[in-house]
Amino acid sequence: MQAVSIRRGLTIDPAGEEEAPAARVGRLVRESPVVIFARRGCYMAHVMKRLLAAVGAHATVIELDAAAEEELAAAADAGHGAVPALFVGGDPVGGLEGLMSLHLSGRLVPRLREVGAL
């Protein structure tokens with residue numbers, strides 16, 4: 001899996017060891033309270049980042065190449081591996097629709113506080 005944009009000291013390949021895709025995705029979503037996996041230049045990921053920033057949370061964005069996107073699809077059973085994929089507190093939220101649903105129902109900010117993102 002190749003990442004183009006990574007923040008908060010996420011490790012892609014710990015100690016240079018090869019890691020199974022499911023284990024890698026699981027580790028990456030545990031290392032940060034809010035993670036977005038997306039294609040480079042994805043407008044939906046941009047909207048997701050803007051909405052999260054508007055409420056005061058800053059997501060770690062992992063931009064995927066084609067091979068990494070296939071690994072994510074194979075590893076992420078929730079959300080059916082579609083990108084962009086948002087994880088809050090290690091739990092899959094889904095894509096833009098999942099984020100908007102949380103926000104419009106009033107559950108986004110409390111969830112972000114709960115996981116320490118606010």
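Student: Which residues does Val-93 touch, not counting residues up to four places away in sequence?

Tutor: In this predicted model, Val-93 touches Leu-86, Phe-87, Val-88, Gly-98, Leu-99 and Leu-102. Each of these counts as a contact because heavy atoms lie within 4.5 Å. Val-93 itself has its place in strand β4.

Student: Why is Val-93 called partly exposed?

Tutor: Its relative accessible area is 22%. Buried means under 20% and exposed means over 50%, so a value in between is called partly exposed. Val-93 therefore receives that name.

Student: How far is Val-93 from Ile-36 in sequence and in space?

Tutor: Val-93 and Ile-36 are 57 residues apart in sequence, and their C-alpha atoms are 9.9 Å apart in space.

Student: Which residues does Arg-111 touch, and is Arg-111 buried or exposed?

Tutor: Not counting residues up to four places away in sequence, Arg-111 touches Val-88, Gly-89 and Asp-91. Its place is in helix α5. The relative accessibility of Arg-111 is 18%, and the limit for buried is under 20%. Arg-111 therefore counts as buried.

Student: Why does Val-83 count as buried?

Tutor: The same test applies: buried means under 20%, and Val-83 has 10% relative accessibility. Val-83 lies in the loop between α3 (66–75) and β3. Its C-alpha atom is separated by 9.2 Å from that of Leu-64, 19 residues away along the chain.

Student: How are the strands arranged in the sheet?

Tutor: The 4 strands form an open sheet in the order β2-β1-β3-β4, with mixed pairing. The twist averages 25° from one strand to the next.

Student: What makes β2 and β4 edge strands?

Tutor: β2 (60–64) and β4 (91–94) each pair on one side only. By contrast, β1 stands between β2 and β3 in the order of the sheet.

Student: How do you know that β1 and β3 pair?

Tutor: They share 4 bridges in the antiparallel sense, and the rule asks for at least two. Ile-36 stands opposite Leu-86 in β3. Helix α1 (residues 21–30) packs on the sheet, touching β1, β2 and β3, and its direction makes about 130° with that of β1.

Student: Why is the pair formed by Phe-37 and Phe-87 called edge-to-face?

Tutor: Two values decide the matter. The centres of the rings are 5.8 Å apart, and the limit for a pair is within 6.5 Å. The planes make 85°, and an angle over 60 degrees counts as edge-to-face. Phe-37 lies in strand β1 and Phe-87 in strand β3, so the pair ties together parts that are 50 residues apart in sequence.

Student: What makes a set of residues a nonpolar core, and which residues have the most contacts inside the largest one?

Tutor: The members must be buried residues of the nonpolar kinds listed in the definition, including Val, Leu and Ile, joined through side-chain atoms within 4.5 Å. The largest such core has 18 residues, and those with the most contacts inside it are Val-34, Ile-36, Leu-52, Leu-86, Leu-99, Leu-108 and Leu-112. At least two residues each come from β1 (34–39), α2 (43–54), β3 (85–88), α4 (96–104) and α5 (108–114). The largest share, 4 residues, comes from α2.

Key
Residues numbered from 1 in each chain as written. Predicted model: local features only at pLDDT ≥ 70, side-chain atom pairs only at ≥ 80, totals over all residues. Heavy atoms only, no water. Buried < 20%, exposed > 50% of the residue type's maximum accessible area, 1.4 Å probe, protein only. Phe/Tyr/Trp six-rings, centres within 6.5 Å; stacked < 30°, edge-to-face > 60°. Axes fitted to C-alpha atoms, helices over the stretch in contact; angles between N-to-C directions.
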